[in-house]
Amino acid sequence: MRILFIGDIVGRPGREVVGSEVPRLRDALALDFVIANGENSAGGFGLTRAIAGELFDSGVDVITTGNHWADQKEILSYIAEEDRILRPRNLPASAPGKGAGLYETRSGHRVLVVNPIGRVFMDPQDDPFAAVESELIACPLGEGADAIVIDMHAEATSEKMAMGHFCDGRASLVVGTHSHIPTADAQILPGGTAYQTDAGACADYDSVIGMEKFEPLQRFTKKISTARYTPASGPATLCAVFVETGAKGLAQRIEPVRVGGRLKQTQPEM
Ligand SMILES: [Fe+2]
Ligand SMILES: [Fe+2]
């Protein structure tokens with residue numbers, strides 16, 4: 001199976017590059033399933049129902065999120081009925097929505113997607129490792145699911161890498177989100193799980209992690225805040241991770257994808 005995981009979509013530039021590139025990538029890479037992190041898709045903060053619909057229309061099958069999942073309060077009214085949007089898995093059990101889902105691809109394969117959130121340099125949460133463990137036990141790779149993708153939404157590279165090893169041999173792909181910068185460590189771990197510490201973002205990279213750079217610079221250099229953060233408005237680079245699975249749902253191939261915008265371009269050769 002061929003799966004594309006797209007990093008945090010930031011604002012309109014991020015949505016535009018998804019809209020223009022995902023239909024093309026679906027064909028060019030013969031993709032069976034596309035997952036995208038949409039936590040920053042509405043003006044940098046959260047996602048609306050209309051924006052989620054736009055992303056699904058572009059060819060995204062499932063939207064994961066992170067700490068910004070509920071920044072747009074309207075999500076609270078529809079996430080319970082929208083199976084294709086996940087919120088972080090290890091929130092309090094009473095939070096609306098769910099943090100894992102089993103989906104069927106157009107070719108009839110089953111993909112389990114789990115969206116844990118980290119605890120290092122982030123708000124306190126339940127244990128993300130225990131949360132992932134319970135999902136992997138309930139739906140093992142090669143039995144309950146033909147592929148398993150874990151979006152580990154976390155700040156610390158160490159916590160994301162630990163999650164990779166924790167799932168090694170039991171998931172097809174463990175990929176990090178949240179830091180908005182693609183890391184250069186795409187690899188297949190010894191047990192057969194594809195791994196990249198951060199997928200990167202779909203954002204204008206003439207920015208500070210996707211945001212217009214003036215205000216973050218003010219805050220860093222002068223310790224004063226004069227405005228809200230807004231997404232940088234230039235053309236975005238779509239950053240993603242491509243994975244091809246083989247026997248038992250483990251990874252055979254992992255390749256970074258960077259198309260559009262300012263970052264050095266790369267796309268898997270078919
Ligand atoms: Fe993000
Ligand atoms: Fe985040």
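**View 1. Helices H4 and H5 pack against each other.** Helix H4 (residues 128-138) and helix H5 (residues 157-167) pack at an angle of about 25 degrees, and their axes are 11 Å apart. Here an axis is a line fitted to C-alpha atoms, for helices over the stretch in contact, and angles run from 0 to 180 degrees between N-to-C directions. H4 and H5 are therefore roughly parallel to each other; that label covers angles under 35 degrees, while over 145 is roughly antiparallel, 65 to 115 roughly perpendicular and the rest oblique. Helices (H or I, at least four residues) and strands (E, at least two) are DSSP runs, numbered from the N terminus.

**About the model.** This is a predicted model, in which local features need pLDDT of at least 70 and side-chain atom pairs count only at pLDDT 80 or more, while totals for chains, interfaces and linings use all residues. Residues are numbered from 1 along each chain as its sequence is written, chains are lettered from A and ligands numbered from 1 in the order in which they are written, and side-chain values use heavy atoms, with hydrogens and water left out.

**View 2. Valine 132 in helix H4.** Stay with H4 and find valine 132. At 0% relative accessibility, valine 132 counts as buried (buried is under 20% relative accessible area, exposed over 50%, partly exposed in between, with a 1.4 Å probe and protein chains only). Threonine 266 is 134 residues from valine 132 along the chain, and 31 Å separates their C-alpha atoms.

View 3. Side chains of opposite charge can pair when their charged atoms come close. A salt bridge here is a side-chain nitrogen of Lys or Arg within 4 Å of a carboxyl oxygen of Asp or Glu, and the structure holds 15 of them. In this one, arginine 2 meets glutamate 244 at 3.6 Å, N to O. The pair links distant parts of the chain, 242 residues apart: arginine 2 sits in strand E1 (residues 2-6) and glutamate 244 in strand E12 (residues 237-245). Arginine 2 is partly exposed at 22% relative accessibility, whereas glutamate 244 is buried at 17%.

**View 4. Arginine 253 and glutamate 255 join the network.** The side chains of arginine 253 and glutamate 255 form a salt bridge of 2.9 Å, N to O. Through shared partners, salt bridges join Arg2, Glu244, Arg253 and Glu255 into one network.

View 5. Arginine 24 and glutamate 21 form a salt bridge, with their closest N and O atoms 2.6 Å apart. Both lie in helix H1 (residues 11-28), three residues apart, about one turn of the helix.

**View 6. Two residues with positive phi.** Most residues other than glycine have a negative phi. Phenylalanine 121, although not a glycine, has a positive phi of about 55 degrees. Look for phenylalanine 121 in the loop between strand E6 (110-114) and H4, where it is exposed at 72% relative accessibility. Isoleucine 209 also has a positive phi, of about 40 degrees, and lies in the loop between strand E11 (201-203) and helix H6 (214-222).
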